[in-house]
Amino acid sequence: MMHYGHANALRQAKQFGDYLVVGVHSDAEIEKNKGPTVMNEEERYAAVAGCKWVDEVVKDAPYLTQVELLDKYNCDFCVHGDDITTLADGTDCYSAVKEAGRYQECKRTEGVSTTELVGRMLLMTKEHLRKKGNDAKEASVSDFSAGPSRKGREVPVSHYLATSKRLVQFADPTEPKSSDKIVYVDGGFDLFHVGHIEFLKKAREQGDYLLVGVHDDQTVNSIKGSNYPLLNLHERVLSVLSCRYVDEVIIGAPYSVTKDVLEKVYNVSVVIHGSTTVDQDIDGHEPYVLPKELGLYKQIESPIESLTTDTIISRILANRALYEARNRRKAEKALWEAKMEQAERGN
């Protein structure tokens with residue numbers, strides 16, 4: 001599953017050179033070496049292609065990176081995080097390019113991984129997904145911290161602590177021209193996925209500069225229910241900023257579009273919403289009343305309406321035992337890889 005930790009790795013990798021080629025493994029390769037995927041390969045190919053630091057995507061890239069693969073795509077070297085990744089048999093995936101002197105490392109983003117995000121989802125139940133507001137189990141929010149799952153197994157969950165430096169690294173400093181048509185969209189953008197990316201792409205086509213409002217945790221929690229959001233505000237902001245179609249983000253935007261939103265950051269020309277259902281604000285009002293009154297509101301077709309944050313979570317919960325086993329195996333593998341890393345560094 002593509003997340004902001006991957007995006008940060010790609011950002012760092014791009015700094016090593018001029019053109020970034022990203023290999024994405026197939027479902028079969030991941031199943032063999034790590035376990036079941038959350039997103040299918042086509043969804044992952046599209047998600048990586050939507051990252052603003054990526055120039056080219058290689059589909060069905062082998063799990064073991066060989067020098068011949070680098071040569072095939074005219075790559076000078078391979079970049080990976082500073083943690084060892086192994087094949088199912090325990091072999092270092094990058095041993096060949098390391099031996100050839102064609103390997104570079106970037107710093108891994110602490111506090112996030114696909115395994116950790118699956119852990120957050122495993123703390124939820126199908127019953128919780130159907131409930132909203134005061135009817136939902138309030139204890140579920142505190143369950144986002146590290147704690148046991150329903151079966152008593154530890155599901156480690158942590159929250160990434162954003163810094164101003166990281167936000168600046170992800171942000172685009174480009175200001176809109178006075179003649180640019182400013183497009184505004186808003187949302188929670190939880191578990192940022194290809195459905196979000198394709199919607200943002202379509203929204204960007206409605207103008208010249210895309211301003212995205214990301215709602216804060218309390219707002220998402222009030223509207224969606226007490227199990228949401230799975231990612232905190234800054235995690236979601238980083239995900240949105242990594243998208244190639246996004247120009248600027250309002251951090252903690254109000255759920256209902258206000259005059260301040262339309263005028264104080266930039267003069268918004270059009271407010272876009274997809275074809276998905278619009279939830280009412282906590283006061284019972286429709287959130288797009290003002291832009292509709294001003295003739296600024298436009299609804300567009302959501303490109304991938306079947307893929308939502310809820311459907312991703314449902315994939316996990318429908319196969320709870322399978323993903324719990326995946327996380328256990330991944331935790332055991334991580335311990336082995338950590339030992340290999342220590343040995344490699346001479347510690």
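In which sense do strands E7 and E8 pair, and over how many bridges? Strand E7 (residues 182-187) pairs with E8 in the parallel sense, over six bridges. The structure is a predicted model, in which local features need pLDDT of at least 70, side-chain atom pairs count only at pLDDT 80 or more, and totals for chains, interfaces and linings use all residues. Residues are numbered from 1 along each chain as its sequence is written, and side-chain values use heavy atoms, with hydrogens and water left out.

**View 1. Strand E8 and its pairing with E7 and E9.** Helices (H or I, at least four residues) and strands (E, at least two) are DSSP runs, numbered from the N terminus; two strands pair if DSSP finds at least two bridges between them. Opposite Gly 213 of E8 stands Asp 186. From E7 the chain passes through helix H10 (residues 194-204) to E8, a β-α-β crossover that is right-handed, meaning that, with the strands pointing away from the viewer, the path from the first strand over the helix to the second runs clockwise. Strand E9 (residues 248-251) also pairs with E8 in the parallel sense, over four bridges. Val 249 in E9 is the bridge partner of Val 212.

**View 2. Side chains and burial along E8.** Six of the six residues in strand E8 (residues 209-214) are buried, where buried means under 20% relative accessible area, exposed over 50% and partly exposed in between (1.4 Å probe, protein chains only). Tyr 209, Leu 211 and Gly 213 point one way from the strand, while Leu 210, Val 212 and Val 214 point the other way.

**View 3. Surroundings of His 215.** His 215 is located in the loop between E8 and helix H11 (217-224). Its relative accessibility is 4%, so His 215 counts as buried. A polar atom of the His 215 side chain lies 3.1 Å from the backbone oxygen of Ala 253. Leaving aside neighbours within four places in sequence, the residues in contact with His 215 (heavy atoms within 4.5 Å) include Asp 186, Gly 187, Gly 188, Arg 236, Ala 253 and Tyr 255.

**View 4. Cysteines Cys 75 and Cys 78.** Zero disulfides are found in a search of the whole structure, a disulfide being a pair of cysteine sulfur atoms within 2.5 Å. Cys 75 is in no disulfide, and the nearest cysteine sulfur, that of Cys 78, is 8.5 Å away. Cys 75 counts as buried because its relative accessibility is 17%. Cys 78 counts as buried because its relative accessibility is 10%.

Notes:
Polar contact = N/O pair within 3.5 Å; in protein donor to acceptor, adjacent residues only side chain to side chain.
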